[in-house]
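Reader: I would like to go through this model and ask what stands behind the words used for it. Please set each value against its definition.

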Amino acid sequence: MTPVVDIMNYAPLVAPGLSGPEFQYDEFQIMVTTTFKGMVRDGRLTTMWGREIPADGKVDTDPTLDVPAALAQLDAAGYEATTLCCMKMWSHDRHHKLIVDWPEEVVAEALPQGNGRLIGGAGYDPFHVSESLAKVETAVREWGFEYVYVHPMTFGVAPNDRRMYPLYAKCVELGVPVGFQVGHSAEVLPTEVGRPMLVDDVARDFPTLKINMSHTGWPWTGEFLSMLWRHPNVYGDISAYFASSLDPELVQFMDRQLRHKIMFGSNGLDLTRVREEVEDLPIKDTTKERVLGLNALEFLGRA
Amino acid sequence: MTTLPGDAPVGIIDPFVVLNHPDLPEVPMPREALRDDESLAAWPASDIVGHLFKKDDATRARYDTSRDIDAFVANLDASSIARAGVPLAPDTPDDVFDRLAALDGRVFVTLRANPHDGMRGIRRLDELCDRYPMIRSISLTPFQLHPTIPPNSKEYYPIYAKCVERELAVFVNVGFPGPRVPAWTQDPMHLDEVCWFFPDLTVVMRHGGLPWVDVCEQMLLRWPNLYYATTAIAPRYYPEVIVRLASKRGADKVIFAGYWPLLPYERVFTELSALDIAPEALPKLLAGNAERAFRLDVLDGARP
């Protein structure tokens with residue numbers, strides 16, 4: 001069996017205290033009453049990385065690293081490697097500032113302790129292009145990051161927006177792939193910019209750039225599958241969903257035309273359960289191997 | 001009254017002097033952009049705009065001069081031009097770059113870029129700028145693109161980010177173009193958004209901006225890193241607002257350019273001397289603003 005690779009996890013896996021303060025903002029407060037409802041119990045909330053905080057999110061950031069604990073989690077869940085993405089989220093409707101800004105510096109410190117099992121993913125702020133590109137460049141060239149993950153919809157920015165193009169050019173220059181969320185957003189954020197078909201321009205304008213459309217593209221699964229099928233450089237991941245709830249059309253494509261293109265990711269969900277649910281899918285064993293690890297290794301240029 | 005160039009208070013810088021060396025690649029309009037028979041018949045020659053310019057013996061002689069690098073430099077000497085900016089295409093042979101680089105900063109380069117070239121264009125830009133620090137700006141001409149796209153389009157944004165990273169100016173053609181192609185992408189208003197989004201980017205408008213000179217004026221007053229170069233217009237036709245700006249409120253924002261070989265320097269300097277420009281603004285117009293906008297201090301010790 002090919003090792004399991006999680007293409008979609010975040011910096012708080014190695015520093016759980018980075019997560020928490022985002023819950024004080026309206027977007028997250030709305031989400032704990034909707035898509036994240038299950039996180040709250042008796043006025044307390046447990047983040048995806050196991051930090052228990054008051055449900056109002058009034059808590060400080062704590063960048064303390066615990067890499068051995070993260071590696072132990074990977075071992076327990078049977079993962080070989082994972083990305084650590086330094087997400088930046090802008091509050092589009094409510095606060096008009098960054099409400100998540102996980103620092104590349106923390107991940108940079110973690111990487112040397114990871115025995116190659118931790119994959120740095122830099123972030124990008126399309127409202128501050130020059131500063132952001134300088135950070136991406138340092139992260140890749142000096143700190144060994146292998147990926148850039150962006151959350152453009154929190155900025156109200158579409159993947160084919162002019163403010164994203166400098167990043168794509170920089171990624172081609174540095175030889176690293178880029179990923180971003182498509183589909184609806186669990187938070188109340190502008191969702192029209194999540195349409196997978198908007199990636200079409202990017203795939204054509206940057207034919208040598210490897211692109212990961214994260215989170216299945218639901219509710220536009222058809223557009224997501226079309227993009228992966230048509231463009232040699234476009235990949236997609238099923239992170240943020242338990243496999244048992246995936247769109248059946250996606251599962252069918254995953255086992256056939258797109259068995260080389262669809263990747264596995266946890267998005268911080270229960271690591272063991274997300275893996276087991278993929279293993280339980282009614283698809284070929286060879287497909288499971290590809291989806292759970294091999295495709296991500298190819299996408300990242302590790303295989 | 002100041003009589004130019006003899007009374008020039010500084011060494012004159014002209015950031016847009018055209019070299020027509022025979023080894024240079026032709027930069028024709030894309031044929032697909034042309035529709036009328038006259039333009040199609042003239043293609044690919046630059047004669048597409050022949051109807052706009054005189055073709056007398058003196059003009060032909062200047063063009064002959066512009067074909068030879070030694071004669072070109074001798075003409076700069078004879079015309080009291082201390083430093084000249086030369087537009088070059090990215091597929092210019094190395095030999096021409098090398099010969100210009102050997103002039104020790106006498107000549108700097110504005111490198112033409114086509115935003116439709118995507119990453120191929122960006123890689124070439126990086127490679128040339130690594131080798132030739134005398135490249136001080138990237139030249140963009142929206143009307144020459146097919147399809148034509150305005151300067152706030154996504155295809156340009158990687159070029160702008162690269163210019164900020166490398167501290168290069170962008171030198172953008174604005175105003176109605178000579179060739180008979182659509183003009184709307186040449187509206188300088190498109191640069192307003194670029195100046196806002198890239199506050200560290202230096203933008204120099206060239207070729208007049210007509211009929212949108214008032215837009216140019218307003219933008220020059222509001223964006224600290226935006227400049228206006230007087231290419232393509234003889235001084236006696238400089239828009240009134242530009243002459244006024246160059247003297248007063250915009251004295252730090254207007255850059256003299258002569259448009260040789262199309263216009264003879266004798267005529268340009270005679271007409272320029274007759275303009276009502278404040279004496280204290282003259283050194284800025286003739287050199288200081290260009291030095292700052294194109295960061296010409298880099299040229300000192302610019303040999304590769």
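Author: Two strands are said to pair if DSSP finds at least two bridges between them. The model is predicted, and that rule can be applied to strand 11 (residues 211–214) and strand 12 (residues 234–237) of chain A, which pair in the parallel sense over three bridges. Within strand 12 of chain A, A:Gly236 is the residue opposite A:Met213.

Reader: How do you know that strand 8 of chain A and strand 9 of chain A pair?

Author: Two bridges join these parallel strands, and the definition asks for at least two, so they count as a pair. A:Ala122 has A:Val148 of strand 9 of chain A as its bridge partner.

Reader: Which order do the strands of the open sheet in chain A take, and what makes a strand an edge strand?

Author: The open sheet has eight strands in the order 1-5-8-9-10-11-12-13, with parallel pairing. An edge strand pairs on one side only, and this holds for strand 1 (5–6) and strand 13 (262–263) of chain A.

Reader: What makes both faces of strand 9 of chain A covered?

Author: A residue is buried if 20 or more other C-beta atoms lie within 10 Å of its own C-beta. A:Tyr147 and A:Tyr149 are buried on one side of strand 9 of chain A, and A:Val148 and A:Val150 are buried on the other. In a regular strand, side chains alternate between the two faces of the sheet.

Reader: Why does the length of helix 4 of chain A agree with its number of residues?

Author: Helix 4 of chain A has 13 residues, which at 1.5 Å a residue should span 18 Å; its end C-alpha atoms are 18 Å apart, so the two agree.

Reader: Which residues of helix 4 of chain A are buried?

Author: They are A:Val129, A:Ser132, A:Leu133, A:Lys135, A:Val136, A:Ala139 and A:Val140. These residues lie on the same side of helix 4 of chain A because they cover an arc of only 160 degrees around the axis. The face turned away from that buried side carries A:Glu131 and A:Arg141, which are exposed.

Reader: What covers the buried residues of helix 4 of chain A?

Author: The cover includes helix 3 (104–110), strand 8 (118–122), strand 9 (147–150) and helix 5 of chain A, together with helix 6 (157–166) of chain B.

Reader: How many residues does each chain bring to the contact?

Author: Chain A brings 14 residues and chain B twelve. On the side of chain A, the elements that give two or more residues are helix 4 (129–141) and helix 5 (165–174). Helix 5 of chain A gives the most, with four residues. By type, the side of chain A that touches chain B holds seven nonpolar, three polar and four charged residues.

Reader: Why is chain A called as compact as a globular protein of its length?

Author: Chain A has ten helices and 13 strands. Its radius of gyration is 18 Å, close to the 19 Å that the globule rule gives for 303 residues, so chain A is as compact as a globular protein of that length. Buried residues make up 52% of chain A.

Reader: What does the globule comparison give for chain B?

Author: A compact globule of 304 residues would have a radius of gyration near 19 Å, and chain B has 18 Å, so the value agrees. Chain B has eleven helices and eight strands, and 43% of its residues are buried.

How values were computed. Residues are numbered from 1 along each chain as its sequence is written. Chains are lettered from A and ligands numbered from 1 in the order in which they are written. This is a predicted model: local features need pLDDT of at least 70, side-chain atom pairs count only at pLDDT 80 or more; totals for chains, interfaces and linings use all residues. Two residues are in contact if their C-beta atoms, placed from the backbone, lie within 7 Å. Ala, Val, Leu, Ile, Met, Phe, Trp, Tyr, Cys and Pro count as nonpolar, Asp, Glu, Lys and Arg as charged, and the others, Gly among them, as polar. The radius of gyration is taken over C-alpha atoms; the globule rule is 2.2 Å times the number of residues to the power 0.38. A residue is buried if 20 or more other C-beta atoms lie within 10 Å of its own, exposed if 12 or fewer, and partly exposed in between; C-beta atoms are placed from the backbone. The expected span of a helix is 1.5 Å times one less than its number of residues. The arc is that of the directions from the helix axis to the C-beta atoms.
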